[in-house]
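Hello,

I am handing over the structure we spoke about. My notes on what was found in it follow below.

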Amino acid sequence: MRPHEHVARFGTIDGELRVGGMPLSRLAARIGSTPFFAYDRVLLDARVAQLRAALPSKVELSFAMKANPMPAIVQHLAGKVDRIDVASAMEMHTALDTGIRPDRVSFAGPGKIAAEIRQAVAAGIIVEIESTTELARVEAAGRSLGLTPTIAIRVNPDFAVKGSGMRMGGGPQQFGIDAEQVPQVLQAASKMGVDVLGFHVFAGSQNLNAEIIAEAQRRTVDLTSELAEHLPGELRYLNLGGGFGIPYTEKDQPLDLDAVAENLHALVDDVIAPRFPHASPVIELGRYLVGECGVYVTQVVDRKTSRGKTFLVVDGGMHHQLAASGNFGQAIRRNYPLAVGNRVAETADDGVSVVGCLCTPLDLLGDDITLPPAVIDDLIVIFQQGAYGLTASPTAFLGHPAPAEVLV
Ligand SMILES: *Cc1c(COP(=O)(O)O)cnc(C)c1O
């Protein structure tokens, strides 16, 4: 998708990008400082509505909050999705503070320490165990608290998903328990005073190919159907993962959500509903829920020419938005969509590179791009910034102030 398509998603008003219903410069004046992250709740709500309309009604939506743990976002989404997936004790606290029912919170991620597991068991959330060590810690926590922990087994599948930006299943992995070991682990768990609800398979992240996602979901349902025969009771939790990607670069095309949904309708009707009447399939999404509603806004503080090349130097950079600089797992650096937010109606005929304010050539936000002519104080907007932004960036590097974050 091209930058002007992202401008169109947000809309324009008075020749400026519209964010939170107002021209960007007005929003910037209200916030009072740059850089900032702004998340547009109209777009956020529209994304949830789009998912609800497309997916089978039996599918539950879970928000993987590591994508954006800002409390206002988590609170807002807690009222709109069915579940929240957390990856640390701090995220667990943020999730529970929303008032969501604890049995609607799941805790995944490798390396859960005994203290975190104890807090999770005490709170009554679902612990997704990733190893037999974690299973033993859950059992110990349950025994000392006098509670029956509810758990799910995170399974490392015996297949890999191609085309993911980050692969997190198949082959040797630090994530989950290898599928072939699961029957044995279930047998051990059945003697332990823990309640095993079911399974979680998360095969990868940032996938834009509907056919590959559909194939992964079919194989996940096949695999978990086999494993369910080893469960002591009914299957009551079936987390199919997610991995739905969003378009970051010009050559990325948006995911065909309807194609993914069509496959899920078939899976629910043909397999899940008849075989597992007590399990609602869960689709767990981070980036796809929040990524596209967010912008990172930074101000031009210098414009300089070096040997024929023009640089716009902005007051933000990779310390707030590591991924946009190409340093968050990307093999090849490509520009994220970028616009001059207060000049979106003007012709783009100025060849520039946009760089951040850090003392490293890695702090590159737009390499040889064409923008409307921008001057000092103009607002440079980077799109697709609602996920893996601030909390996935090295904010302490160089000691610049933290950016504001607003849900508008
Ligand atoms: C990171 C993660 C997610 C979210 O991934 P997205 O690509 O942001 O949708 C979901 N589930 C698990 C287990 C994760 O680790």
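Asp-368 lies in strand S20 (residues 364-371); helices (H or I, at least four residues) and strands (E, at least two) are DSSP runs, numbered from the N terminus. Although Asp-368 is not a glycine, its phi is positive, about 50°.

This is a predicted model, in which local features need pLDDT of at least 70 and side-chain atom pairs count only at pLDDT 80 or more, while totals for chains, interfaces and linings use all residues. Residues are numbered from 1 along each chain as its sequence is written, and side-chain values use heavy atoms, with hydrogens and water left out.

The peptide bond from Thr-34 to Pro-35 is cis, with omega near -5°. Pro-35 sits in the loop between helix H2 (24-31) and strand S4 (36-39).

The ligand is surrounded by 13 residues, and the closest are Lys-66, Ser-205, Glu-284, Arg-287 and Tyr-388; a residue counts if one of its heavy atoms lies within 4 Å of the molecule. For polar contacts (a pair of N or O atoms within 3.5 Å; within protein, one must be able to donate a hydrogen and the other to accept it, and residues adjacent in sequence count only if both atoms are side-chain atoms), there are these entries:

- Glu-284: an N or O atom in its side chain is 2.5 Å from a nitrogen atom of the ligand.
- Tyr-388: a polar side-chain atom lies 2.6 Å from an oxygen atom of the ligand.
- Gly-286: a polar backbone atom is 2.9 Å from an oxygen atom of the ligand.

Regards
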